[in-house]
Structure formats: structure tokens, C-alpha cells
Amino acid sequence: MATVAVSQVKLGDKIAQDVLTPLGSVLFHKGKVIMQREQEILHAFIVAQVTIESPGDKKDADETAADKTQEASKDGAASSKSPLIDQYDITVALLKKVFNQMASGGVAFPILEIRNQLEALLQYSHEYKMLTFAPQNVPTEDYLYHKSVMSALSCYMMAQWNGLPKKDWVQSALAGLLHDIGNSKVDSNILNKPTKLTLAEVEEMKRHTVLGYQLLKNVTAINEGVKLAALQHHERYDGSGYPLGIGSEKIHPYAKFVAISDIFNAMTMKRAYRKASSPYLVLEQLQQDSFGKLDAAYVRTFIERATQFHNGTIVRLNDDRVGEIVFSDRNHPTRPWVSIGGTIVNLANERQYYIEEVLSKSSTH
């Protein structure tokens with residue numbers, strides 16, 4: 001292998017050692033083949049040099065491949081998972097267990113176990129970046145649990161962003177975590193149906209709001225807002241939602257947080273029957289839906305805070321060009337300026353382009 005300046009790296013060269021960003025994050029793993037997109041990312045991160053494979057390296061690589069595979073299977077997964085991911089996975093598993101317990105009935109609601117695990121997760125909430133956090137290969141039957149745990153993290157942050165007292169922060173997270181608990185009482189064939197629901201099935205599915213409130217109404221250690229979030233998270237500002245069709249002034253703030261988070265997470269998660277939507281497009285959709293449907297002030301704060309860290313982020317546009325976000329306009333938070341090969345693309349002006357995917361994020365927040 002040979003260590004060369006990035007300017008000397010040729011298309012088709014293979015990385016022989018992990019390439020790190022100046023702050024120590026892995027940019028490319030060993031074995032990555034350099035194409036034009038990879039060259040642009042190397043330049044964007046101001047990487048000075050990389051180690052590439054030489055023609056004579058293949059024999060050595062073949063001899064050690066089996067050893068490397070064995071090592072990776074032993075400790076690869078453990079070393080790559082962050083504390084946030086560990087606690088996230090534990091919370092998803094617990095919520096799945098609780099849903100199954102509620103479905104079978106006759107079990108007291110394990111609120112203390114839930115709260116303790118949620119607080120363990122929230123210790124790492126500062127690491128949660130909603131634009132880049134994307135659970136992979138989620139089975140259809142586990143979709144609700146992942147969406148609920150991400151909503152817990154989002155609602156916890158929204159409570160803080162919108163100036164709610166500290167006593168509301170964990171309760172708001174509980175609202176996000178438990179808002180769909182009523183689905184434990186809905187036929188799983190309806191919940192997991194990949195095709196369009198019949199009118200009767202839609203009505204059955206809508207019952208999860210009332211069923212959720214009934215499951216939570218006598219639970220201690222959660223406040224009324226958590227219970228109302230289960231009931232009201234599909235209510236809308238203009239009274240067009242369900243189950244009661246109430247207007248904005250009667251919808252609890254937690255339920256308004258959940259409504260925003262629920263839409264965002266549902267659309268940005270990859271499903272078996274459709275690919276994940278671009279988080280930036282979803283934020284724009286939320287912006288449109290906030291007129292008459294969602295709380296506009298909460299949506300505006302959600303978009304501003306979700307996108308504020310993204311200067312320095314490497315992104316892919318819808319035409320497959322890769323660049324770095326270099327400037328964020330407060331008036332157009334979902335359409336920043338992107339530098340591509342030294343040329344600035346102002347997405348606020350060039351509306352035919354948008355950010356399709358976030359490839360890596362900066363370390364600043």
C-alpha cells in the first residue's frame with residue numbers, strides 16, 4: 001500500500017486504511033473504491049492524504065481476509081454502536097414487550113420500568129440528530145415501536161425548544177413514546193397491511209386514539225398531557241382531525257408535539273413498500289401542513305432547530321451531485337447553500353434541486 005496526497009488519488013483506487021475526518025470520525029472504511037463522489041467528499045473534508053492499495057497488496061489481503069472477518073464478527077458490532085444506539089435498541093425492545101402485554105390484557109401497565117428505561121435513553125438525547133438518525137432494515141411489524149421511540153426523543157427536545165418547564169420534559173417524552181399504545185388493541189393485520197385500507201379498516205385503525213387514552217387514563221406517574229397526547233395526536237388545528245374534531249385551543253401541547261414528530265418520523269423512515277423520503281422535503285411538507293393543520297409556531301421552531309447544526313454537512317442532491325452545506329438562510333432553513341466542486345448552489349433560488357440524502361454531518365450543534 002501507499003500513502004498519497006488526495007490530489008494524486010485516481011478514480012478506481014481502493015482505500016487501504018480507514019479515512020478519518022480531522023475530528024476523528026470515520027469518513028470512508030477500508031476497501032472503499034474511490035469514485036468522483038468520494039473525491040468530492042475528501043476535498044470537502046480537507047483530507048490531506050489517504051492510504052491506497054498497491055497492486056502487490058492483493059495476496060496479503062487474501063491471506064488475512066478470513067482473520068479480519070472473524071475479528072469483525074467478534075467485536076465489530078459492539079465497537080460501532082454508540083450509547084445512544086444501545087439505549088435506543090433496549091427501549092424499542094421494551095416497548096415491543098409492553099405492546100404485546102397490553103394486547104393480551106390482564107397485566108398492570110409497567111410505567112416505572114418504562115420511565116426508568118426512557119430516562120436512560122434521554123441521557124444521550126444530545127447525540128440524537130433527527131435529520132441523520134435512520135434505523136435500517138426495520139421489519140414491518142416493528143415500525144410502530146421505532147417511530148414511537150424517535151417521537152419520544154423528538155418530543156423531549158421540542159418541550160425544551162419551546163420553553164416548557166423542566167417538569168414537562170420527561171412527560172413530553174413519555175407522550176411521544178406512548179402515543180400509539182392504543183394500537184396494541186387494533187388488529188395487527190390492519191396495522192401492517194401494505195396496501196390501502198378499506199373504509200371499515202380505516203375506522204378501526206382510528207380507534208387507537210380512544211383505546212390508547214383508555215389504557216393510560218388510570219396510570220399513575222404520568223400526567224394528563226401524556227394521556228391526552230394518546231387521544232389527540234391526530235387532531236388538527238382547524239378541527240379536521242379525529243377522534244373528536246376539536247380545534248387548536250383544546251389540543252394539549254404534548255399532542256401538538258407528537259403530531260409534528262409523528263409525521264416527520266413516519267415519512268423519513270424506510271418501509272418495506274416505499275423508500276424513505278428526504279428529511280428536507282418532509283420538513284417542507286410540514287411547513288405547508290402547518291397552515292391550518294399543525295401548530296405553525298411549533299413547526300417553525302422544529303424546522304429551525306432540526307436544521308441549525310447543518311453547516312459543514314455533506315449532502316447528496318436529487319440530481320446525485322454531492323456537496324457541503326456552507327450557509328443556512330434563516331428564512332429558508334430547508335434550502336441552504338451547497339458548495340459543489342467550488343460552485344455554490346443556492347437551493348432557495350434553484351427550486352428544482354433539493355437535498356435527497358444527508359451523507360455525513362458536522363460535529364457542531
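# A conversation about the sheet, helices and loops

Modeller: In this predicted model, 5 strands form an open sheet with antiparallel pairing, in the order β8-β7-β6-β5-β9.

Biologist: Which strands stand at the edges?

Modeller: The edge strands are β8 (343–346) and β9. Each has a single partner strand, so one side of each is left without a neighbour in the sheet.

Biologist: What does the twist average from one strand to the next?

Modeller: The twist averages 40°.

Biologist: What holds strands of a sheet together in pairs?

Modeller: Strands of a sheet pair through backbone hydrogen bonds, and the pairing is either parallel or antiparallel.

Biologist: Let us take β5, then. How many bridges join β5 to β6?

Modeller: Strand β5 (residues 314–317) is joined to strand β6 (residues 322–327) by 3 bridges, and the two run antiparallel. One of the residues involved is I314, whose bridge partner in β6 is E324.

Biologist: And how many bridges pair β5 with β9?

Modeller: There are 4 bridges between β5 and β9 (residues 355–360), again in the antiparallel sense. Here R316 has E357 of β9 as its bridge partner.

Biologist: Where do the side chains of β5 point, and are they buried or exposed?

Modeller: I314 and R316 point one way, while V315 and L317 point the other way. All of these residues are buried. As background, in a regular strand the side chains alternate between the two faces of the sheet.

Biologist: What lies between β5 and β6?

Modeller: These strands form a hairpin with 4 residues between them. D320 is in that loop, and its phi is near 75°, a positive value in a residue other than glycine.

Biologist: Is D320 buried or exposed?

Modeller: D320 counts as exposed, because its relative accessibility is 52% and the cut-off for exposed is over 50%.

Biologist: Which residue in the loop between α9 and α10 could I look at as well?

Modeller: A221 lies in the loop between α9 (208–216) and α10. The phi of A221 is also positive, near 75°. A221 is partly exposed, with a relative accessible area of 36%.

Biologist: Changing topic: which peptide bond is cis?

Modeller: The bond from Y242 to P243 is cis, with omega near 10°. P243 is found in the loop between α10 (224–232) and α11. In general, most peptide bonds are trans.

Biologist: Now the helices. What describes two packed helices?

Modeller: Two packed helices are described by the angle between their axes and the distance between the axes.

Biologist: At what angle do α11 and α13 pack?

Modeller: Helix α11 (residues 253–268) and helix α13 (residues 296–307) pack at about 50°, with their axes 10 Å apart. That angle makes α11 oblique to α13. Their crossing is right-handed.

Biologist: Which residues make the contact?

Modeller: From α11 they are P253, K256, F257, I260 and F264, and from α13 they are Y298, V299 and F302. By class, this contact has 7 nonpolar residues, no polar ones and 1 charged residue.

Biologist: How do the axes of α4 and α6 cross?

Modeller: The axes of helix α4 (residues 111–122) and helix α6 (residues 167–178) cross at roughly 110° and come within 11 Å. The two helices are therefore roughly perpendicular to each other.

Biologist: Which residues of α4 and α6 meet?

Modeller: In α4 they are I111, I114, R115, L118, E119 and L122, which meet V170, Q171, A173, L174, L177 and L178 in α6. The contact has 9 nonpolar, 1 polar and 2 charged residues.

Biologist: One last topic: where is A152?

Modeller: A152 has its place in helix α5 (residues 143–161). A152 is buried, with a relative accessible area of 0%.

Biologist: Which residues does A152 touch?

Modeller: Not counting residues up to four places away in sequence, A152 touches L118, A173, G176 and L177. A152 and G176 are 24 residues apart in sequence, yet their C-alpha atoms are 4.1 Å apart in space.

How values were computed: Residues are numbered from 1 along each chain as its sequence is written. This is a predicted model: local features need pLDDT of at least 70, side-chain atom pairs count only at pLDDT 80 or more; totals for chains, interfaces and linings use all residues. Side-chain values use heavy atoms; hydrogens and water are left out. Axes are lines fitted to C-alpha atoms, for helices over the stretch in contact, and angles run from 0 to 180 degrees between N-to-C directions. Angles under 35 degrees count as roughly parallel, over 145 as roughly antiparallel, 65 to 115 as roughly perpendicular and the rest as oblique. A crossing is left-handed if the near helix is turned anticlockwise from the far one by less than a right angle, and right-handed if clockwise. Contact means heavy atoms within 4.5 Å. Ala, Val, Leu, Ile, Met, Phe, Trp, Tyr, Cys and Pro count as nonpolar, Asp, Glu, Lys and Arg as charged, and the others, Gly among them, as polar. Buried means under 20% relative accessible area, exposed over 50%, partly exposed in between (1.4 Å probe, protein chains only). Two strands pair if DSSP finds at least two bridges between them.
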